[in-house]
Amino acid sequence: MNVDHILTKAVAGERISFDEGVELMRCKDAHKLGRAAHAVTMRLHPEPYRTFNIDRNVNYTNVCAAVCDFCAFYRKSSDADAYVMPRAELYQKIEETIALGGDQILMQGGMHPTLKLEWYEELLADLRSRYPSVNLHAFSPPEIWHFHKINKLPLETVLRRLKDAGLGSIPGGGAEILVDRVRKELTKNKALTDEWLEVMRVWHRVGGKSSATMMFGHVETDADRIEHLDRIRSLQDETGGFTAFICWTMQPGHKMADAPAAGAFEYLRTQAVARLYLDNVPNIQSSWVTQGAKIGQVALFYGANDMGSLMIEENVVASAGTVHYLTLEEIKRCIREAGWEPRQRNVFYQLVDEKPLGVPASPRSLPVVA
């Protein structure tokens, strides 16, 4: 199977097959993959800007009934440092976010064994009433599947009740790799592939939007990565509800300390393949939170059209030992240096800032990276 032929197809807008995707994932020529992914991005996003958003990742609890080998954040109910965040602290975090120009709270926790659906409804309704301009981007699919199970209610009922209470959109967390063999090896008591996808399917059916993610670089194979992308692409064909895709590397150093760290080369190569394969997902976010500013910037030439979030607060990745932080001006500088105008958007990829003055600083071609 000829890699150049597959890349030519993808750049021209033709769909590549599963086997062709696996062939690309096995290709070690990151520059070749990057050039093709960038060509696709420029076809989909010829605009003179690249986007970012301002939000805060608030972990309302660290109590979780699941056991994930890669997670350094979760606690059991009996642990001394287990918590459910006091409402006053949550208000303070939201108000700080608004003061910094943010319009969204990314609110995730664990799969708490005792909190009922009414608790989450009251939380959402309270926050929506107090902060009507703030989008509540909350509860990953494994959390929502957990709500469905412990409340013994149909999934659609759970999602409609959350939506009516104020849920604005759903993050794509907890996907890891959407292959059951991999999920069973990494986690216990957590939604499997079809369950994760069903949460997203039903959410899209009731009119909601969400993002999709992939955490790679652990026990998966090249074919597993493509199966993950294929499941996302197939559901997007069905519903059209995914606004963006974000991938990042597993951060070793906790329970999976012996796992070799996937580095920048692997990250850029995988993101490029994702852009080529996910022909129906409009946006790809750079993962500077795990890769740092420079690789996050280079990712704009490997398929990404978005620098992701200012991420005023992040706890889960940081718990695993990765601590990359950027200021708002640093994010804007990364975009400008790459040759685009920085524009702020919301989770639905609508621009929310005033159009800046100026023109791109440099040609937007793929740089040569040593």
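These legends accompany several close-up views of a predicted model.

Local features are described where pLDDT is at least 70 and side-chain atom pairs where it is 80 or more, while totals for chains, interfaces and linings use all residues. Residues are numbered from 1 along each chain as its sequence is written, and side-chain values use heavy atoms, with hydrogens and water left out.

**View 1. The protein chain as a whole.** Let's start with the overall picture: the chain holds 15 helices and 11 strands, taken as DSSP runs (helices H or I of at least four residues, strands E of at least two) and numbered from the N terminus. Of its 370 residues, 58% are buried, meaning under 20% relative accessible area with a 1.4 Å probe and protein chains only; over 50% is exposed and in between is partly exposed. The accessible surface is about 14,700 Å², and carbon and sulfur atoms account for 53% of that; the areas come from the Shrake-Rupley method with a 1.4 Å probe, and for residues only the protein chains shown count as cover. Among contacts (heavy atoms within 4.5 Å) between residues at least 6 apart in sequence, 75% join residues at least 24 apart.

**View 2. The largest nonpolar core and F139.** This core has 97 residues, and those with the most contacts inside it are M107, F139, I144, L162 and F245. The term covers buried Ala, Val, Leu, Ile, Met, Phe, Trp, Tyr and Cys residues joined through side-chain atoms within 4.5 Å.

**View 3. Helix α6 in its surroundings.** Of the 11 residues of α6, 10 are buried, so the helix is largely enclosed by the rest of the structure. Among the buried ones are E143, H146, H148 and N151. The buried residues of α6 pack against β4 (104-108), α5 (117-130), α7 and α9 (193-205).

**View 4. Helix α6 crossing helix α7.** The axes of α6 (residues 141-151) and α7 (residues 155-165) come within 9 Å and cross at roughly 115°. Axes here are lines fitted to C-alpha atoms, for helices over the stretch in contact, with angles from 0 to 180 degrees between N-to-C directions. The two helices are therefore roughly perpendicular; that label covers 65 to 115 degrees, with under 35 roughly parallel, over 145 roughly antiparallel and the rest oblique. I144, W145, F147 and H148 of α6 meet L155, V158, L159 and L162 of α7.

**View 5. Helix α6 against helix α9.** Here the angle is about 90° and the axes are 9 Å apart. That makes α6 roughly perpendicular to α9. On the α6 side, P141, P142, I144 and W145 make the contact, and on the α9 side E195, W196, V199 and M200.

**View 6. V202 in helix α9.** V202 lies in α9 and is buried, with a relative accessible area of 2%. Not counting residues up to four places away in sequence, V202 touches L155, E156 and L159. R160 is 42 residues from V202 in sequence, yet their C-alpha atoms are 9.4 Å apart in space.

**View 7. T270 in helix α11.** T270 is found in α11 and is buried, with a relative accessible area of 0%. Leaving out residues up to four places away in sequence, T270 touches M25, M214, F216 and R225.
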